[in-house]
Amino acid sequence: MLGHKLLPALWSLSVSVSAAISRQDCPITDLSIIAHEGEPVGTEVVHDNGEPSDKAVLYLTDVYGIQLLENRLLADSFGRAGYFVVAPDLFNGTPSTLDLNEMSPTQLDTFLAAATPEETDALIAVGVDYLRSVKNITKIAATGYCFGGRFAFRWLSEDKGLKVGFAAHPSNLQDSEISAITGAAGVAAADADGMMPPERRSQIEALLLNTTQAYTLSLYGSVSHGFGVRANVSDPRQKFGKEQAFFQAIRWFDTWL
């Protein structure tokens, strides 16, 4: 585990032996890939637990951090889909207990002041460097949720160097960060998301179109902000939305990575 306070713990796993199967055996619609409950496979101690992969997913969490079980299970699911997965601890062990849209203005200001883009980028850079320098993996896709969705876009800029990204219900995403992308960007949006209302979705789509990069923006019905990770899977509409957004990301990465 990385011990310096500026370096995040990394949730890391490679493809397990049982998951290292061909695309023919494990199509992108195989629901056994995605886990909604149970014990997570990876740990905060960096380790390998199976067959190596030459491609990786950088998993960028929502404000609840990699400590949230649903985040760990979803990271595992990308591993079962054939990717080595690293999830930086974006909040140095102190994630939020409230979502961004549940915070008071004062709470939001305090949280964002402690998790600035520059500081968060520095934590993400540790994960990217680990993948490139230690694991010798150069095919890296970023997937981000809520808070992390913004950074999936930021790491598609020319100076950051990733070429494929996916964001589910991204929050605080700036126009300049969309316009700066130099790689393929996918978005999963909720129809009931106060942080990305219809007007904002239209703006994001127009900005993506102007980049000339490959992009996709899918709208999911009967779901709200956070559905990509924290959907109520006892509700069939929410369960479908979460699973479909996951497979949207996998197919996006398989196509453009």
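The model is predicted, and its chain contains eight helices and nine strands. Of the 257 residues in the chain, 52% are buried.

**The chain as a whole**
- When contacts between residues at least 6 apart in sequence are considered, 76% of them join residues that lie at least 24 apart.
- The chain exposes about 11100 Å² of area, and carbon and sulfur atoms supply 52% of that area.

**The largest nonpolar core**
- The largest nonpolar core has 72 residues, and those that touch the most other members are Tyr59, Phe78, Phe153, Phe246 and Phe253.
- Helix 8, which covers residues 236-256, gives this core its largest share, namely seven residues.
- Phe246, once its neighbours within four places in sequence are left aside, is in contact with Ile33, Ile34, Leu74, Ser77, Phe78 and Ala81.

**Helix 1**
- Helix 1 runs over residues 69-80, and its twelve residues reach 17 Å from the first C-alpha to the last, which is close to the 16 Å expected at 1.5 Å a residue.
- This helix is mostly covered, since nine of its twelve residues are buried.
- The buried residues of helix 1 are Asn71, Arg72, Leu73, Leu74, Ala75, Asp76, Ser77, Phe78 and Gly79, and among them Leu74, Ser77 and Phe78 are also in contact with Phe246.
- After helix 1 comes Gly82, a residue whose phi is positive, near 110°.

Terms used: Residues are numbered from 1 along each chain as its sequence is written. This is a predicted model: local features need pLDDT of at least 70, side-chain atom pairs count only at pLDDT 80 or more; totals for chains, interfaces and linings use all residues. Side-chain values use heavy atoms; hydrogens and water are left out. A nonpolar core is a set of buried Ala, Val, Leu, Ile, Met, Phe, Trp, Tyr and Cys residues joined through side-chain atoms within 4.5 Å. Buried means under 20% relative accessible area, exposed over 50%, partly exposed in between (1.4 Å probe, protein chains only). Helices (H or I, at least four residues) and strands (E, at least two) are DSSP runs, numbered from the N terminus. Contact means heavy atoms within 4.5 Å. The expected span of a helix is 1.5 Å times one less than its number of residues. Accessible areas come from the Shrake-Rupley method with a 1.4 Å probe; for residues, only the protein chains shown count as cover.
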